Amino acid sequence: MLNADDNGEGGTIALYSQLCRNAKFCLLPNHQASDEELSAYHKPGCSNRSIPPSPLKKFVEKHKRSKPALLLFVLLGACMAICVGALMPAISVLSSVEGLRIEAKITDNSMIPFISCVLLVGLFVLQHRGADKVAFMFPPIMILWLLSIFAVGIYNVIKWNPRVYKALSPYYIYKFFSVTGKDGWANLGGVFLCVTGTEAMFADLGYYRQAPIRVSFCCVVYPCLILQYMGQAAFLSKNLSAVPISFYASIPDILFWPVFVVAALAAIVASQGVISSTFSIVQQCHAFECFPRVKAVHSRRWIHGQTYIPEINWVLLIISLVMTVGFGDKNHIGYAYGIASLIVMFVTTWLMSLVINIVRHQSLLLAIGFVLFFGSIEVLFLSSYCTKIPKGGWVPLVLSALFMVVMYAWHYGSRKKYLFDMHNKVSMKWILTLGPSLGIVRVPGLGLIYTELATGIPASFTHFLTNLPAFYQVVVFVCIKTVPVPSVPHKERYLIGRVGPKSFRLYRCIVRNGYKDVYSHENDFENELVMSIAEYIQLEAEGCSGSQEGSVDGRMAVVRTSGKFGTRLLMSESASGSEEGSSTSLPGALTVTSSKSPALKKLQSMYEQESPELNNRRRIRFELINTIYKDPRVKEELMELVEAKRAGAAYVIGHSHVKAKWNSSFLKQFTINLYSFLRKNCRSPAVGLNIPHICLIKVGMNYHV
């Protein structure tokens, strides 16, 4: 599975992303032809377009119902992975603490769950602090843990039964089932718990590389595990009554407390990795419009690539505490954890078979053979777990069903809302009839209109003009979209274009992010946007927007690939509290003054002093380079852009109210109403985009889908 990475990323969403790029499986409606020109879009060796499409690819693309079915299958794997993130800390911490029953002689059945809950609360509460401060301790802890179980395993093999090495022979698999029969099949669930965690190695592939995982697993982890299980088998061959506590009972008394401490620390470290993986999965689902808006935090305090989501952190904590207190038994939690892990593996196996045929262009027989071989093993274990559903196995099934209803309702509602916007967008013919002034008063400033549309004029723009016939002198339609790649390079992220004639001063900026990218909307976005628009204006005047310096999508171009980027405008950090405060011009720059009146400047200064988030932002000042332009209109347009930035930027977003049509079916009304409820009670778009409230304008919009 490690070879099925998506530019270094692994997991269910990574497999789905590869399928979306190589076939028409994706349900995101804002795909553009220029997205396929991204450097990360086609993996080397997997983008041979001369190979004819496979029959499986033709079948899926032909049948429209297969795409939602595939998405539901992927969401099933993602939901089970979230359940693993909640169950794994509970069973790991509870199992590590159970050793106190032996040495500490704890007989109170409620004490062990209580201690486990205290450790779980501490584990999840400290998530927001990041892991980089203690990450240097993780490798030593895991190495000590592996060496501990290695030493204990060797000790037990030598002391209790040196002939246990014969159990490595596959013959004993046959002998086990011939003796136990149906009981042996029922106990396969416990056997499967020995391999849980291997799916996390593929899901966490983005944090590590393939070669270290292979070397560490084959040379260190696997031998230590085998020796530990051999040691327990040797111990149990002479002490069969100690089955419930075989691990801690097999530890020599002199090593008990050191091993106990290391076991508890190892459980916390392993839980940390699974929790981080859960955050990553939720972020990826959110990027594909399959999860309600949550705040993904990514800061220098965290390990590179690690994301923290507060809402998910507390949900996982609540589930872990409920499982620990409700069951209080590692066996029942183990049944739930095993079913969740097994279904994740099952979904991964099926997606891998599709990747083999559609992405890697291997034969259909090889893909079928892969899924039959590994899928049959997983089905055998899954059939054994069916008997454990009443004993705790129902928990991941119920939780994943709730998660899937929420996730699919959000995806369905988001898609219907986008299609409604597409149907009701304003025609360019109507914009052209308004003239350069758009039939309104153009006031100083930069207006950033956020829309999900990658093309056309959103209806929220005309709705705003209908109620208030005035707008800013420079207007930029900003669309933040997700491309089915892990990460988009910064130089390829901004796609700039023009809307209407040059005199209208209307631009479009499409910000393309990968499903692993965390959108950070700070003051730098405004500055980079202004620089990119200035670059586009100059390239357009030079006739270079269609050359190798820009990838053209209609009237749009990726201008940041130009080697001249940053030479159109001079950018410096203002020394005073505001951009207008400094009157000193940079050498070789034209002086551009703000067109705001003194009263408006004073009022803006007062509001900025009352807004802490604006006081902490960097003050960037732009100056136009004093050079000779072939076309004087270019100089005029650049000066107007700088003047608009000096006057200040305002962010306009839609405040949507979504309702189902009166004649819709009950199922559709339920889905849309659930989507509307989630929109009202989850994070607003302004919070997700980190837009300061002082610069925010909301436009009310009603959607009847």
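Disulfides, to start. How many does the structure hold? It holds 0 disulfides. This is a predicted model, by the way. Take Cys79. Cys79 is in no disulfide, and the nearest cysteine sulfur belongs to Cys83, 7.0 Å away. A disulfide would need the two sulfurs within 2.5 Å. Is Cys79 buried or exposed? Cys79 is buried, at a relative accessible area of 0%.

Now salt bridges. Side chains of opposite charge can pair when their charged atoms come close. The structure holds 13 salt bridges. I'll go through some of them.

Start with Arg498 and Glu540. Their side chains meet in a salt bridge, 2.5 Å from N to O. Arg498 sits in strand E3, residues 494–498, and Glu540 in helix H20, residues 523–542, so this pair ties together parts 42 residues apart in sequence. Arg498 is buried, with a relative accessible area of 5%.

Arg498 has another partner. Glu637 forms a salt bridge with Arg498, and the closest N and O atoms are 2.8 Å apart.

Glu640 forms a salt bridge with Arg505, with the closest N and O atoms 2.9 Å apart. Glu640 is in H23, while Arg505 is in the loop between E3 and strand E4 (506–513), 135 residues apart. Both Glu640 and Arg505 are buried.

Asp35, Lys481 and Arg512 are linked by salt bridges.

On to helix packing. Look at H17, residues 394–423, and H24, residues 666–681. They pack at an angle of about 90°, with their axes 8 Å apart. H17 and H24 are therefore roughly perpendicular to each other. Which residues make the contact? From H17, they include Val405, Val406, Ala409 and Trp410. From H24, they include Phe670, Ile672, Leu674 and Tyr675. By class, this contact has 10 nonpolar, 3 polar and 3 charged residues.

Next, helix H19, residues 459–467. Its buried residues are Ala459, Ser460, Phe461, Thr462, Phe464 and Leu465. What do they pack against? Helix H18 (428–434), plus strands E1 (441–450), E2 (470–482) and E11 (696–704).

Last, one residue. Thr348 lies in helix H15, residues 330–359. Thr348 counts as buried, at 11% relative accessibility. Leaving out residues up to four places away in sequence, Thr348 touches Met1, Thr12, Leu15 and Phe202.

Methods:
Residues are numbered from 1 along each chain as its sequence is written. This is a predicted model: local features need pLDDT of at least 70, side-chain atom pairs count only at pLDDT 80 or more; totals for chains, interfaces and linings use all residues. Side-chain values use heavy atoms; hydrogens and water are left out. Axes are lines fitted to C-alpha atoms, for helices over the stretch in contact, and angles run from 0 to 180 degrees between N-to-C directions. Helices (H or I, at least four residues) and strands (E, at least two) are DSSP runs, numbered from the N terminus. Angles under 35 degrees count as roughly parallel, over 145 as roughly antiparallel, 65 to 115 as roughly perpendicular and the rest as oblique. Contact means heavy atoms within 4.5 Å. Ala, Val, Leu, Ile, Met, Phe, Trp, Tyr, Cys and Pro count as nonpolar, Asp, Glu, Lys and Arg as charged, and the others, Gly among them, as polar. Buried means under 20% relative accessible area, exposed over 50%, partly exposed in between (1.4 Å probe, protein chains only). A salt bridge is a side-chain nitrogen of Lys or Arg within 4 Å of a carboxyl oxygen of Asp or Glu.
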